[in-house]
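Here are a few exercises to work through with the model open in your viewer. Try each task before reading its solution.

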Amino acid sequence: MELSIDRLTKHYGSKIAVDCVSATLKKGVYGLLGANGAGKTTLMRMLCAILESTSGGVFLNGKDIIEMGADYRNVLGYLPQDFGYYPGYTAMEFLMYVSALKGIPKSIARKRTVELLEEVGLGDAADRKVRTFSGGMKQRIGIAQALLNHPEILILDEPTAGLDPKERVRFRNLLSDYAGDKIVILSTHIVSDIEAIADEVLFMKKGKFVLQGSVPALIKKAGGRVWELTVPQEETRKWQAKSTVANLRHEGQQAVLRIISEHMPDERAVPCEATLEDLYLYYFPTEQEGV
Amino acid sequence: MELFLLEHRKLWRKAGTKISVFICFLYVVVFGSILSFQWFNFGSKVNFTSSNFGKNFDGYTAIRDRQEYALSFGGVLSDKSIQQIVGDYQRMESADAKKAWDLTDWMIINDWLGNLWPELQEAGSYQVGISYFEPEKLTDFYGRRQLVLEKYLENNNQTGKEKEYLLQIDEKVIRPFYYGWIRGWQTLLSITIDTSAESMALFLAIVLSTLFAGEWHNNTSPLVLTTKNGWEIIAVAKIITGLAFTVELFAIIAICDIASQLFFMGTTGWDMPVQLIKLTAIAPMNMLQAEIYEWAFTLLGMVGFAGIVMLISSAVKSNVLALLLSLAVVYVPTLIDPYLPCGLQKALSLIPLVGSGTDIFRTYTFHIFGKYVWSPYLLITVPVLIGIVCMPFVVRKWSSRIKA
């Protein structure tokens with residue numbers, strides 16, 4: 001199975017949201033990283049065939065997904081960024097309704113719904129109205145509905161938003177179990193989630209893919225650009241102003257700064273092991289630069 | 001089928017749907033029918049000057065008394081029976097005016113007398129004609145009605161072929177007229193059913209405007225649109241749900257209204273011609289046929305209106321905007337109607353629920369491809385066709401990816 005993105009472009013008037021991106025996605029988990037407004041959600045909506053591109057296309061095994069219509073939607077699972085629900089429905093009713101939308105026979109749907117509610121930790125809340133759920137619970141039912149039809153292509157827009165650390169771990173495990181021979185695309189701001197589960201990461205900036213590769217390969221790229229510098233506390237502001245500080249911790253009267261820099265920032269700085277988050281900060285040192 | 005049942009259940013589970021149907025029921029059935037029959041329209045008057053609400057809560061018995069009194073004149077309307085009706089009224093009025101006003105159809109009869117025997121009116125008299133017209137001079141009822149109808153058409157500039165066409169329709173009116181208590185049927189056919197249609201339009205718009213737009217409101221549209229059945233099939237299921245709801249709302253209101261009517265009025269007078277309500281009406285219908293026409297007009301108008309509301313709901317993303325536009329379809333033409341030329345008024349009346357089922361009492365015509373068509377024929381067919389034409393566009397609008 002192969003999902004090809006071919007020179008996909010989306011304009012909103014004069015604003016370019018997605019700028020001629022191309023990629024070929026095979027089985028695996030793809031993490032989409034980028035600042036707010038980088039074009040991730042627009043790209044995901046086009047991948048879901050609910051937003052028309054200005055030019056270019058998306059092809060599943062060589063077939064245009066727009067022309068595939070229901071056949072494409074049949075193999076698709078999608079969790080939108082602002083996941084909506086029917087407030088008066090219980091979790092069970094909501095998933096049964098989505099199952100019908102997905103064309104899953106009732107008998108199979110019931111079994112699958114019970115199974116998924118257990119998997120996302122909502123087994124005890126099956127008969128509770130969705131409107132009474134916490135943000136994390138709503139997000140979990142959103143993840144469950146995306147998985148109902150065993151999708152070959154799973155697109156998750158900010159799936160871990162609102163989940164507490166324990167829930168995030170549960171989600172990561174669920175996704176890792178599920179991925180197998182599927183194509184999973186997820187976008188998140190939580191870099192550690194991507195680091196933990198993505199096979200490949202796509203960095204998006206100003207509507208374009210600026211960097212792409214496996215997590216170790218990308219981390220390698222950040223090698224030699226991460227430094228640890230111990231300075232007196234009164235110097236921290238100066239360093240924050242003149243360089244990208246990934247982390248700051250206080251040790252007595254001293255402050256230990258984690259600095260992302262092409263060159264050794266100071267004679268006192270010592271190189272240290274890079275993470276994906278360091279690479280993210282290297283590419284998007286400020287929020288505006290991602291857009 | 002499963003999706004339709006789920007959509008249908010979803011619609012009825014909304015608090016807005018339940019509240020709308022309940023208020024509609026209260027207003028149309030409880031207030032507009034039950035209380036109207038028992039109290040403020042047909043209850044006996046407390047005194048001469050009392051308003052509509054200054055009546056006794058005795059409509060049920062008062063209606064039976066009036067029906068019995070009207071039937072005492074033999075059941076068939078002839079010159080002789082008209083003379084008896086007027087004579088009896090005058091005797092009763094001089095003995096007990098309140099009773100005469102309560103028991104008889106004096107307003108309707110007086111209207112006939114004024115139209116058919118205008119020469120008997122005394123200039124400057126403070127009394128209404130029925131109080132002083134000499135009964136024995138009330139002759140040639142059917143001949144005079146024919147003359148009045150012809151004059152009425154001429155006054156409306158309905159001459160030549162149009163007049164001929166309308167008079168041909170009138171020829172089918174069965175004569176002599178069966179006579180009984182008229183005011184109950186008059187209220188039912190001129191006000192009750194017409195008001196029901198107007199009210200149901202409001203509540204139908206409130207409920208159906210959320211059918212598609214509600215998915216945007218709940219932010220569930222991306223979810224629905226990315227499912228296998230989320231485009232055409234769900235749109236069709238929603239359309240069937242909208243139509244089913246329309247029929248259900250109609251059935252709830254119409255069945256309860258008719259049950260109330262049967263309880264209070266019974267079936268007496270069903271075979272009276274509608275000309276007793278308005279002499280210049282040309283509809284060859286009795287009261288029952290007219291009632292069937294008006295309910296059918298309401299149902300078909302509602303189906304047509306449902307189609308328009310669903311199209312609006314699928315085309316916009318806001319529940320409020322969908323509701324406002326839907327209401328505008330019905331109420332804006334009604335508001336601007338008096339300021340429009342006659343031709344445009346007639347054209348607007350073809351919009352679902354903008355026209356009125358009471359056109360059976362009028363002599364309006366449409367001039368189509370050189371032929372005259374009496375307005376009730378078009379008013380009952382065109383609105384539902386408009387609704388049907390909207391439906392493919394509803395599916396298309398909903399499935400339009402560009403909105404997402």
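**Exercise 1.** Which elements of chain A make a right-handed β-α-β unit?

*Solution.* Start with the members: strand E7(A), helix H7 (residues 165-179) of chain A and strand E8(A) make this unit. Helices (H or I, at least four residues) and strands (E, at least two) are DSSP runs, numbered from the N terminus. Right-handed is used because, with the strands pointing away from the viewer, the path from the first strand over the helix to the second runs clockwise.

A word on conventions: this is a predicted model, in which local features need pLDDT of at least 70 and side-chain atom pairs count only at pLDDT 80 or more, while totals for chains, interfaces and linings use all residues. Residues are numbered from 1 along each chain as its sequence is written, chains are lettered from A and ligands numbered from 1 in the order in which they are written, and side-chain values use heavy atoms, with hydrogens and water left out.

**Exercise 2.** Find the pairing partners of E7(A), then work out why E7(A) is largely enclosed.

*Solution.*
1. Strand E6 (residues 76-79) of chain A pairs with E7(A) in the parallel sense over 4 bridges; two strands pair if DSSP finds at least two bridges between them. Here Tyr78(A) stands opposite Ile155(A).
2. E8(A), residues 183-187, is also a parallel partner of E7(A), over 5 bridges. Ile183(A) is the bridge partner of Ile153(A).
3. In a regular strand the side chains alternate between the two faces of the sheet. Along E7(A), Ile153(A), Ile155(A) and Asp157(A) point one way, and Leu154(A) and Leu156(A) the other.
4. Because 5 of the 5 residues of E7(A) (153-157) are buried, the strand is largely enclosed by the rest of the structure. Buried means under 20% relative accessible area, with a 1.4 Å probe and protein chains only.

**Exercise 3.** Is Gln38(B) buried or exposed, and which backbone atoms lie by its side chain?

*Solution.*
1. Locate Gln38(B) in helix H2 (residues 15-40) of chain B.
2. Its relative accessible area is 13%, so Gln38(B) is buried.
3. A polar atom of its side chain lies 3.0 Å from the backbone oxygen of Phe57(B), and one lies 2.9 Å from the backbone nitrogen of Tyr60(B).
4. Beyond its neighbours within four places in sequence, Gln38(B) is in contact (heavy atoms within 4.5 Å) with residues including Gly43(B), Asn56(B) and Phe264(B).

Definitions and conventions: Buried means under 20% relative accessible area, exposed over 50%, partly exposed in between (1.4 Å probe, protein chains only). A polar contact is a pair of N or O atoms within 3.5 Å; within protein, one must be able to donate a hydrogen and the other to accept it, and residues adjacent in sequence count only if both atoms are side-chain atoms.
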